[in-house]
Amino acid sequence: MKKINLLSFLVLICLTSCSDSKKEETMTKKYVEEPHSFAKPNEAVVTHLNLDITVDFGTKQIKGTATYDINNNDASVIVLDTKFLEIHKVFADEKEVKFSLGSFNEQLGSALKIPIGVDTKTITVHYNTTEKTEALQWLTPQQTADKTHPFLFTQGQAILTRTWIPIQDSPQIRVTYNASVKVPNSLMAVMSAQNPKKKTTDGIYNFKMRQAISPYLIALSVGNIEYKAVSERTGIYAEKSLLEKAHQEFSDMEKMVSAAENLYGTYDWEQFDVIVLPPSFPFGGMENPRLTFATPTVIAGDKSLTSLIAHELAHSWSGNLVTNATWDDFWLNEGFTVYFELRIMEALYGKDRANMLALIGRQDLEEELEGFKDSPEDTKLKLNLKGRNPDDGMNSIAYDKGYLFLRTLEETVGRERFDTFLKNYFRSHAFSTMTTERFITYLNTNLLDKHQVTFNTEEWIYKAGIPKNQSKITSDRFRGVEKTLSEFIRKNKVDVDMTKDWTTQEWVHFVRNFPKEITTDQLTLIDNAFDLTNSNNSYIAMVWFEKAITYDYRGNNIDDNIEAFLTNVGRRWYVSTIFKAYKNSDKVAEAMAIYKKARPNYHSVTANTVDDILGYKAE
Ligand code: BES
Ligand code: ZN
């Protein structure tokens with residue numbers, strides 16, 4: 001009897017202590033496994049950054065200190081990510097400590113290990129960036145719009161912030177920050193923070209970012225820029241010669257913010273500004289909080305490419321407020337953002353416009369699926385990028401398959417229910433991170449089970465390709481375009497009347513759907529009628545150049561225009577589309593001749609992508 005009692009007593013102790021430690025584990029393990037960061041945030045984590053830096057255009061270096069408030073969960077070391085930085089000295093509170101750098105990994109850089117005590121409150125790293133720093137692009141005056149002053153911008157997403165600030169560079173981390181940035185007197189500095197509207201006389205700028213953000217969203221631009229407000233809380237930064245044009249182009253910014261708030265709840269970042277960067281900026285836009293970074297190639301003169309602003313604005317909810325926990329969950333950022341972007345576009349300009357955009361994305365998706373036909377794994381929404389560059393997952397699958405999933409879901413449950421669900425989703429997870437798995441649980445509880453709807457969520461997220469129950473997107477306008485195109489091919493005659501009120505999206509659809517058997521004579525006819533070779537619209541020009549290369553059209557001195565485009569514009573999506581066209585039509589030598597001239601103008605993320613396409617090896 002006694003024996004049994006003792007035994008059950010022991011079992012009981014084990015049971016309670018086992019379950020206790022389990023409980024503790026789930027309580028303290030707030031952060032999930034992260035393949036693209038050396039940091040161990042469950043052990044010790046940064047909470048606030050104080051950056052004190054000088055931007056030196058002479059040596060092309062940023063140097064200074066990064067001081068962090070930390071939360072130590074009983075660790076003796078805190079680990080930060082660094083890459084291509086020179087670390088001089090490190091302090092724990094006021095005391096200099098002996099740090100160590102882990103071995104260098106081509107993608108991830110080196111772990112910076114800093115010894116700390118249980119009571120350590122802050123750590124300070126003295127450092128400078130180097131020539132290899134990938135986040136920064138230093139531009140000469142010649143590479144800017146005004147051609148009078150140099151320019152600098154940063155690009156942090158996905159894992160480049162560690163190349164200009166030593167930091168725990170995982171999207172699960174959130175920090176508030178202050179920054180003191182010293183720049184040459186003639187230039188203005190702006191960040192993803194509360195920003196100046198005028199230059200200071202001493203070139204010192206003090207920033208405050210009260211809302212906690214992920215490290216990939218810390219951003220800085222320095223140039224001879226000015227500010228012009230669109231509304232009380234929206235406005236434009238640009239070089240003088242671009243400011244008016246940009247201001248007109250983006251005059252609907254306030255309407256976009258209001259429409260977004262009507263859909264999914266308050267805008268939590270106070271200010272929504274856009275800075276128009278020089279044309280080498282590698283993206284269309286980057287959703288840096290409070291200050292979206294944008295390419296000048298969206299200024300078409302007719303507001304036809306402003307869905308980009310709606311997209312970056314939408315990230316203020318999907319991405320910046322509710323953030324993908326790891327880059328494997330990237331679709332949670334981009335798929336939701338495309339969905340939200342098109343809802344904003346629909347609210348402002350109607351269903352026609354939104355559906356044309358959706359169909360362009362649908363075709364992008366089809367082309368991406370074709371490109372991945374030998375690696376179907378890459379067509380799943382939930383990715384496995386361990387050991388790979390997160391850039392590998394940053395393609396149309398996350399954007400357009402993600403969009404199609406959400407649109408299909410909306411059509412299945414009905415818009416009203418879906419909107420309520422999304423609004424609650426953003427509100428209840430504001431300023432936190434989301435994994436795909438947690439999203440599925442939330443979706444089941446708060447939408448599907450609640451309304452007793454069955455849906456093949458797992459198939460959409462964990463299986464390759466596109467499920468059968470996909471939403472069917474149609475557009476009468478695009479049907480018209482297709483009809484005009486097939487009649488042209490049949491009759492060899494251009495009907496200018498049919499195209500006279502086409503929008504940019506209709507032109508893009510027209511060009512992208514040329515049949516394989518289109519002849520150079522037919523391309524000549526089109527160019528003579530519409531002068532696409534000299535189009536001022538960067539999107540139309542880009543798709544036309546792609547087709548010209550593919551079908552060997554050489555009229556109208558198009559080669560000069562293509563070369564000028566590729567050397568001037570560094571937007572990765574545009575230039576990689578054109579370089580892929582050369583590659584796929586066996587014109588690598590021709591492409592290489594242009595690329596040698598263009599490459600010095602590209603930011604590292606664009607150069608890396610094009611290097612891969614053409615098999616270019618830097619000397
Ligand atoms: N966050 C992305 C840009 C990005 C993605 C940078 C992955 C680094 C890694 C941004 O919101 C975006 O999607 N930009 C698109 C614009 C868009 C309208 C789809 C772009 O740059 O083309
Ligand atoms: Zn995006």
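Modeller: A polar contact is a pair of N or O atoms within 3.5 Å; within protein, one must be able to donate a hydrogen and the other to accept it, and residues adjacent in sequence count only if both atoms are side-chain atoms. This is a predicted model, where local features need pLDDT of at least 70, side-chain atom pairs count only at pLDDT 80 or more, and totals for chains, interfaces and linings use all residues. Residues are numbered from 1 along each chain as its sequence is written, chains are lettered from A and ligands numbered from 1 in the order written, and side-chain values use heavy atoms, leaving out hydrogens and water.

Colleague: How far is an oxygen atom of ligand 1 from an N or O atom in the side chain of His 315?

Modeller: Glu 312 has a side-chain N or O atom 2.7 Å from an oxygen atom of ligand 1. For His 315, the distance from a side-chain N or O atom to a ligand 1 oxygen is 2.9 Å.

Colleague: Which residue has a polar side-chain atom 2.8 Å from a nitrogen atom of ligand 1?

Modeller: The ligand atom here is a nitrogen. The side chain 2.8 Å away belongs to Gln 157.

Colleague: Is helix 6 roughly parallel or roughly antiparallel to helix 13?

Modeller: Helices are DSSP runs (H or I, at least four residues; strands are E, at least two), numbered from the N terminus. Axes are lines fitted to C-alpha atoms, for helices over the stretch in contact (heavy atoms within 4.5 Å), and angles run from 0 to 180 degrees between N-to-C directions. Helix 6 (residues 351-371) and helix 13 (residues 504-512) have axes that come within 10 Å and cross at roughly 30°. Angles under 35 degrees count as roughly parallel, over 145 as roughly antiparallel, 65 to 115 as roughly perpendicular and the rest as oblique, so helix 6 and helix 13 are roughly parallel.
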